Amino acid sequence: MHPRLKILVIHGPNLNLLGLREPEVYGSVTQDAIDQTLQRIADEENLQLKILQSNSEGDLVDAIQAARGRFDGILINPAAYTHTSIALRDAVGAVGLPVVEVHLSNIYKREEFRHHSYIAPVAVGQVSGFGAYSYVLGLYGLVQEIDRTASCVTTSQAKRRKKK
């Protein structure tokens, strides 16, 4: 079991309208229901979550930048900013935290302009197409990556100590 990890969960623009907006694409689940599911998992897995949603690109960039030194990783659904925001990409790349990008729909089965993600090249992984379960898969993947990275650092430190 890992120590209590702190994870920042970010919902991008229009995700506050889940359950109302295009249910044929995004399903009928609400953001609140997703948050409750993530919080239940966090409680079971000894995680501390901070969850936020914003329609403002600048607010999202501020939240990502503020995560450095305060969180162990970021789970983000950048929504439409996935395909347009170099600012979000640069913030993710700058903070030095593992980030997993999630999407409810399979962005590669949608309109051509949605096939490109500015975030994916600076994220440790991307999960899309599983509806609300994309968040669950993304959270577990993020925790596994944090644990794996911490284990590698610990093993490396132990090897250095033995050499001394």
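**Note on the predicted model**

1. Arg148 has a relative accessibility of 44% and therefore counts as partly exposed. Its side chain meets that of Glu145 in a salt bridge, with an N to O distance of 2.8 Å. Because Glu145 and Arg148 are three residues apart in helix α5, about one helical turn separates them. The coordinates under discussion belong to a predicted model.

2. A search of the whole structure finds three salt bridges. One of them joins the side chains of Glu44 and Arg40 at 3.2 Å, N to O. Both residues belong to helix α2, where they stand four residues apart, about one turn of the helix. Glu44 is partly exposed at 48% relative accessibility, and Arg40 is partly exposed as well, with a relative accessible area of 44%.

3. A salt bridge also links the side chains of Arg89 and Asp90, at 3.6 Å, N to O. Arg89 has a relative accessible area of 27%, so it counts as partly exposed. Asp90 falls in the partly exposed class too, at 41% relative accessibility.

4. Asp35 is buried yet has no salt bridge. Which side chain of opposite charge is nearest to Asp35? It is that of Arg40, 13 Å away. Leaving out residues up to four places away in sequence, Asp35 touches His11 and Ile51.

5. The overall fold may be summarised as follows. The protein chain holds five helices and five strands, and from the N terminus on its elements run β-α-α-β-α-β-α-β-β-α. Of the 164 residues in the chain, 41% are buried. Among contacts with a separation of 6 or more, 77% are between residues 24 or more positions apart.

6. The largest nonpolar core has 23 residues, of which Ile7, Leu38, Leu49, Leu75, Tyr135 and Leu139 touch the most other members. Two or more residues come to this core from each of β1 (5–11), α2, β2 (47–53), β4 (99–103) and α5. Helix α5 gives the most, with six residues. Apart from this core lies another, of 20 residues, with Ala63, Ala67, Ile74 and Ile76 among them.

7. Neighbours within four places in sequence aside, the contacts of Leu75 include Ile7, Val9, Leu38, Val100 and Val102. Tyr135, Gly138, Leu139 and Leu142 are also among the residues that Leu75 contacts.

8. Phe130, Tyr133 and Leu137 form a nonpolar patch on the surface, with about 310 Å² of accessible area together. Phe130 lies in the loop between β5 (125–128) and α5 (133–163). Is Phe130 buried or exposed? With a relative accessible area of 52%, Phe130 is exposed, the cut-off for that class being over 50%.

Methods
Residues numbered from 1 in each chain as written. Predicted model: local features only at pLDDT ≥ 70, side-chain atom pairs only at ≥ 80, totals over all residues. Heavy atoms only, no water. Buried < 20%, exposed > 50% of the residue type's maximum accessible area, 1.4 Å probe, protein only. Lys, Arg positive; Asp, Glu negative; His and termini not counted. Salt bridge = Lys/Arg side-chain N within 4 Å of Asp/Glu carboxyl O. Contact = heavy atoms within 4.5 Å. Patch = residues over 30% accessible without salt bridge, like charges linked within 9 Å, V, L, I, M, F, W, Y side chains within 5 Å. Areas by Shrake-Rupley, 256 points an atom, 1.4 Å probe, with all protein chains shown as cover. Core = buried A, V, L, I, M, F, W, Y, C linked by side-chain atoms within 4.5 Å.
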